[in-house]
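Thanks for coming. Please have the viewer open.

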Amino acid sequence: MRFDIVTLFPEIFDAVTRHGVTARACQRGLWQMHAWNPREVTTDAHRTVDDRPYGGGPGMVMLADPLIKSVQRARAARAEAGALQAAPVILLSPTGRRFEQSMARDLASSEGAILICGRYEGVDQRFIDACVTDEWSLGDFVLSGGEIGALAIVDATVRLLPGALNHGQSAVQDSFDAALSGMLDCPHYTRPEVYEGQAVPAPLLSGHHAQIARWRREQSLRITAQRRPDLIAAARAAGTLSAQDERFLAERGLAPTED
Ligand code: 4FV
């Protein structure tokens with residue numbers, strides 16, 4: 001798995017190559033990352049990567065040429081490193097498709113991607129027309145650059161790689177993970193058993209795995225029904241809600257069925 005990142009600030013990605021689970025996965029050779037700074041392919045004395053927008057208006061726009069040359073460098077390096085598929089070129093942008101867990105899962109089972117981090121008001125459309133295969137968004141808000149979106153995609157993807165998490169199970173019990181059939185995660189507790197007078201819920205202390213699994217499932221159902229009824233409807237449509245789940249929801253007036 002390999003990520004190539006086109007960015008004016010490569011050092012920002014130390015966050016995933018030098019810290020935490022993603023850094024350890026890198027040391028384990030599970031993935032690699034290469035950054036390409038468009039400034040490196042400029043030829044003018046000022047190493048210009050942006051200019052004023054045609055039609056006027058505030059701010060600056062990133063030039064197409066340094067971006068196109070950076071993607072060409074990334075593609076050449078991937079081919080050199082033996083990458084088989086033509087990697088998707090993903091521009092981080094508020095106009096893109098909202099990034100979610102299923103997209104991280106798909107990426108984790110692929111050879112990776114080339115991520116484009118815009119800055120300023122955005123990038124010249126002719127770069128997008130020439131190179132970009134996908135536009136992804138972190139959410140309906142405006143960032144000062146695409147780097148934070150790219151960091152989120154790398155982190156959410158790399159932690160799903162086999163061997164990235166010590167406890168292989170962990171990723172399976174994530175919110176939105178298939179096993180949880182798209183439900184939000186249940187509450188978690190650790191020592192001490194009683195904190196400021198509040199005890200850990202008894203089922204978790206029972207040592208009774210079926211009871212513990214049921215308690216966790218019911219907590220996930222309750223929290224999901226209260227906060228994300230759309231996910232309950234999606235699970236119901238996908239047929240991943242059991243009769244027991246439906247009884248639990250109905251008895252508590254949570255997530256009423258349409259009919
Ligand atoms: C963004 C987002 C985002 C827009 C102009 C960078 C900024 C600036 N990227 N999800 N939301 N990008 O706001 O991914 O160049």
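Start at threonine 7, in the loop between strand 1 (2–6) and helix 1 (14–17). Helices (H or I, at least four residues) and strands (E, at least two) are DSSP runs, numbered from the N terminus. This is a predicted model: local features need pLDDT of at least 70, side-chain atom pairs need 80 or more, and totals for chains, interfaces and linings use all residues. Numbering runs from 1 along each chain as its sequence is written, and side-chain values use heavy atoms, without hydrogens or water.

Is threonine 7 buried or exposed? Buried, because its relative accessibility is 0%; the cut-offs are under 20% for buried, over 50% for exposed, partly exposed in between, with a 1.4 Å probe and protein chains only.

Now its polar side. The threonine 7 side chain makes a polar contact with the side chain of glutamate 147, at 2.6 Å. That term means N or O atoms within 3.5 Å, one able to donate a hydrogen and the other to accept it; residues adjacent in sequence count only if both atoms are side-chain atoms. A polar atom of the threonine 7 side chain also lies 2.8 Å from the backbone nitrogen of phenylalanine 9.

Next, the largest nonpolar core: 27 residues. Such a core joins buried Ala, Val, Leu, Ile, Met, Phe, Trp, Tyr and Cys residues through side-chain atoms within 4.5 Å. Phe3, Ile5, Trp31, Leu115, Ile153 and Val154 touch the most other members. Helix 6 gives the largest share, six residues. A second, separate core has 20 residues, including Ala64 and Ile128.
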